[in-house]
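Colleague: I would like to learn how to read a model like this one, feature by feature. Could you walk me through it?

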Amino acid sequence: MKNDPVTKLLLSVIAIALVAIAIRPFRTPAPAQAQSGAAYPVYIEPGVQMLKTADGSKQVYGRMVVDLRTGKIWGFPTITTDPYPFNALNSKPQTSQPFELGRFAFEDMDK
């Protein structure tokens with residue numbers, strides 16, 4: 001087969017491009033991200049608090065959670081002072097349904 005200059009030039013360009021692709025991760029590695037965008041960015045208050053609704057119709061022990069996107073404060077009842085919902089009469093895992101306690105006006109902090 002005859003080696004002409006055009007074939008050598010094209011093979012050289014392909015070889016240089018492949019080397020550049022292979023070296024790129026070593027020269028500029030992708031930044032490591034220790035934290036991903038959580039589906040629900042929230043702050044969970046440590047410990048169990050006595051939660052009271054604004055109208056006073058409900059008062060139970062539970063965990064207080066602040067939605068950092070909206071400033072809404074949610075109460076997750078645990079019924080007891082345990083940090084998670086627990087029912088001694090039922091062996092199934094319990095699910096705590098939240099109720100709104102109030103709201104922090106985060107947007108007013110820029111004023």
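Predicted model: local features only at pLDDT ≥ 70, side-chain atom pairs only at ≥ 80, totals over all residues.

Colleague: Which residue does E107 meet in a salt bridge?

Modeller: To call a salt bridge, look for a side-chain nitrogen of Lys or Arg within 4 Å of a carboxyl oxygen of Asp or Glu. Here the partner of E107 is R103, at 3.0 Å from N to O. R103 is also partly exposed, its relative accessibility being 44%.

Colleague: How many salt bridges does a search of the whole structure find?

Modeller: Two. Besides the one between E107 and R103, there is a bridge from D67 to R69, where the closest N and O atoms are 3.1 Å apart.

Colleague: Is D67 buried or exposed?

Modeller: The cut-off for buried is under 20% relative accessible area. D67 has 10% relative accessibility, so it counts as buried.

Colleague: Now the helix, please. How do I check the span of α1?

Modeller: Compare the expected span with the distance between the end C-alpha atoms. For the 23 residues of α1, at 1.5 Å a residue, the span should be 33 Å; the ends are 32 Å apart, which agrees.

Colleague: And how many residues of α1 are buried?

Modeller: Zero of its 23 residues, so α1 lies largely in the open. Take L18, which sits in this helix, residues 5-27. L18 is exposed, with a relative accessible area of 54%.

Colleague: Which residues make the nonpolar surface patch?

Modeller: L11, I14, L18 and I21 make a patch of about 420 Å². The general idea is that an α-helix has 3.6 residues a turn, so residues three or four places apart point the same way.

Colleague: What about strands? Where is G62, and what does it touch?

Modeller: G62 is in strand β3. Its relative accessibility is 0%, so G62 counts as buried. When reading contacts, set aside residues up to four places away in sequence; G62 then touches G47, V48, Q49, L51, F76, P77 and T78. One of these, P77, is 15 residues from G62 in sequence, yet their C-alpha atoms are 4.0 Å apart in space.

Colleague: And which backbone oxygen does the side chain of S96 reach?

Modeller: That of P77, at 2.6 Å. S96 belongs to the loop between β4 and β5, and with 16% relative accessibility it counts as buried. Apart from residues up to four places away in sequence, S96 touches F76, P77 and P85.

Colleague: How does P83 read?

Modeller: P83 lies in the loop between β4 (72-77) and β5 (99-103). At 46% relative accessibility, P83 is partly exposed. Leaving out residues up to four places away in sequence, P83 touches V48, R63 and T78. For a sequence-versus-space comparison, take P83 and E45: they are 38 residues apart in sequence and 11 Å apart in space, C-alpha to C-alpha.

Colleague: One last loop. Is T53 buried or exposed?

Modeller: Buried, with a relative accessible area of 15%. T53 is in the loop between β2 (49-52) and β3 (59-67). Its side chain joins that of D55 through a polar contact of 2.7 Å. Beyond its neighbours within four places in sequence, T53 is in contact with K58 and F99.

Definitions and conventions
Residues numbered from 1 in each chain as written. Heavy atoms only, no water. Patch = residues over 30% accessible without salt bridge, like charges linked within 9 Å, V, L, I, M, F, W, Y side chains within 5 Å. Areas by Shrake-Rupley, 256 points an atom, 1.4 Å probe, with all protein chains shown as cover. Helix = DSSP H or I, 4+ residues; strand = E, 2+ residues; numbered from the N terminus. Buried < 20%, exposed > 50% of the residue type's maximum accessible area, 1.4 Å probe, protein only. Expected span 1.5 Å × (residues − 1). Polar contact = N/O pair within 3.5 Å; in protein donor to acceptor, adjacent residues only side chain to side chain. Contact = heavy atoms within 4.5 Å.
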